[in-house]
Amino acid sequence: MAKLTRYKRPKDTKKTLQKLLAYLGHYKWSLLVVAILVVISSGANILGTYLLKPVINNYILPGNIKGLIQMLIGMAIMYGCGVLATFFYNRIMVKTAQKVVSEIRQDLFNHTQKLPLKYFDAHTHGELMSRFTNDVDTITDALNNSFALLIQSFITITGTIAMLLVLSVRLSLIVIFFLFLMFLFIKYNGRRSRKFFSEQQKCLGSINGFIEEMVAGQKVEKVFNHEEQDFEEFCRRNEALRKASTKALTYSGRMVPTIVSLSYANYAFSACIGGLFVLAGLFDIGSLASYLIYVRQSAMPMNQFTQQMNFILSALSGAERVFEMMEEEVEIDEGTVTLCKVKVDKNGEFKEAKEEEKDTIFAWKKKDGSSFVPLKGDVRFHDVIFGYNEKKMILNKISLYAKPGQKIAFVGSTGAGKTTIINLVNRFYEINGGTITYDGIDIREIKKDDLRRSLSMVIQDTHLFTGTIADNIRYGKLDASDEEVKNAAKIANADSFIRRLPEGYDTMLYSDGSNLSQGQRQLLAIARAAIARPPVLILDEATSSIDTRTERLIEKGMDALMKDRTVFVIAHRLSTVRNSEAIMVLEQGEIIERGDHEELVEQKGRYYQLYTGQFELE
């Protein structure tokens, strides 16, 4: 018998079911074949049991061996058809289920990539990952097993009860009574079991989260000698899990023994009373044999049907969470200006070029396709107002400009708005007021994908992907040659440490590059930005984990790379921004000072205080 499953009912079953059926509708003919094969399989089993009556009455008791052999051959063929039907519907259902789930997972991933950054800010990674794992798995399990088993159980239950009534209405009252008792017990026990399974899941999530924190924070735990307290906390959570699991498994463990006991009692009563009916001449032996087999078969489909309903409700609950995420509003992108390659003809006019052509430059192409604006990297903010929520503004009428080839630096306390400015250039968030222009074009008119293609960004929290070092550098330019990869690594001063690794550029990275130091990971991130050679480079604390000597070498490489390109720099180390054409000091969302290093030092304001150590960045 099926193990009792736990589930949480979906909030809107009808709506979720309609969406799931829309996916299933793509394979309606396959599902129709499955349904037909299930009917054949179940029908063969039900009819085969009924045929025991004529076999015993018409062939065994009279001693008709020839007729018995013919009947047994016919039954074998019928059961064989049932076995083949079962084999094929299982294979078809598995293939169909995997196709449906693959489509759902593909649509979910595609939609996730289009969600705005603020959605990821409001949801934990674990919560989002559970949509792709736990929730999709429940759909997979239900489609693989429940669809066919639900039909089979329903046909078996209705067919069995119908045949029992055909064989003997009076004896069937006993079976119906016991089936009613089984139904009541399954309903009561299932409700209690689900309650404690829910508690078990909460306790399990709590202990898993605690273990994850402890494993990740082993150094901190050992430094502060916190082992004993953490062990006590683990024991407390472990005991809570033990109690919840004991109660949950106690109720779920009662299911099979109780149903089996009731089915045995049902069989015993039916056999005794049926035997008396035979002795009294009210029932024949063949009918009693068929009847008793139906009685033995009646308990299992009842339990299966209940459990499959639970599985389906669990799947619908998981599907609802998946579809809720797929209904989230995607990033707004009303831009019409695109990025393309152009060549200058003899008349000095721009003509769009093919991707593989040489001696081309990038340009912005207007919607009509008739005018082009050369991509230079001129970025300007005009009275920009922005807040992550409407109650608190982060930037208050910020105005600034960065001409092509300029290196612009932002300094200021934590929360002053430095990183926010960078996020707005990428259009990770939409501004509340003002305008941001890129080469004289409002960035809201530029398609986001094209806008971000023209930018390259190195952030403090470096993220590396599973793959070789060369693959991670090439992430900035997928068609880059091996030579370009090595040149980018040399510019970022990463080539020397890469060559010292056993596998060099073919060294595999795992777990976000955990086999490298933080400084080495950041060097690879800088190389990844360098290989893209964008007109605008953004460095957000890009050298925070690199020693001073390496930092100077990187700056020389970056200066060569970013010649005639615009660079935005955010840094707490003021030594990294000294050679910037313009340094902007931010405080509480406003630019309080601007100028180059010498000008700001002469003003003896906030930058001077920071530079001389009279004021520390917070």
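Which residue in S9 is the bridge partner of Thr-437? In S9, that partner is Asp-442. The model is predicted, so local features need pLDDT of at least 70 and side-chain atom pairs count only at pLDDT 80 or more, whereas totals for chains, interfaces and linings use all residues. Residues are numbered from 1 along each chain as its sequence is written, and side-chain values use heavy atoms, without hydrogens and water.

**Overall composition**
- The protein comprises 19 helices and 16 strands, taken as DSSP runs (helices H or I, at least four residues; strands E, at least two) and numbered from the N terminus.
- Of its 618 residues, 45% are buried (under 20% relative accessible area, 1.4 Å probe, protein chains only).

- An open, antiparallel sheet is built from four strands in the order S6-S5-S8-S9, where pairing requires at least two DSSP bridges between two strands.
- Strand S8 (residues 433-438) is joined to the antiparallel S9 by two bridges.
- Helix H11 (residues 418-425) lies across S5 (379-386), S6 and S8, at about 115° to S5 (axes are lines fitted to C-alpha atoms, for helices over the stretch in contact; angles run from 0 to 180 degrees between N-to-C directions).

**Packing of H1 and H4**
- The axes of H1 (residues 13-24) and H4 (residues 65-113) come within 9 Å and cross at roughly 115°.
- Leu-20, Tyr-23 and Leu-24 of H1 meet Val-100, Glu-103, Ile-104 and Asp-107 of H4 in a contact (heavy atoms within 4.5 Å).

Note on methods: Buried means under 20% relative accessible area, exposed over 50%, partly exposed in between (1.4 Å probe, protein chains only).
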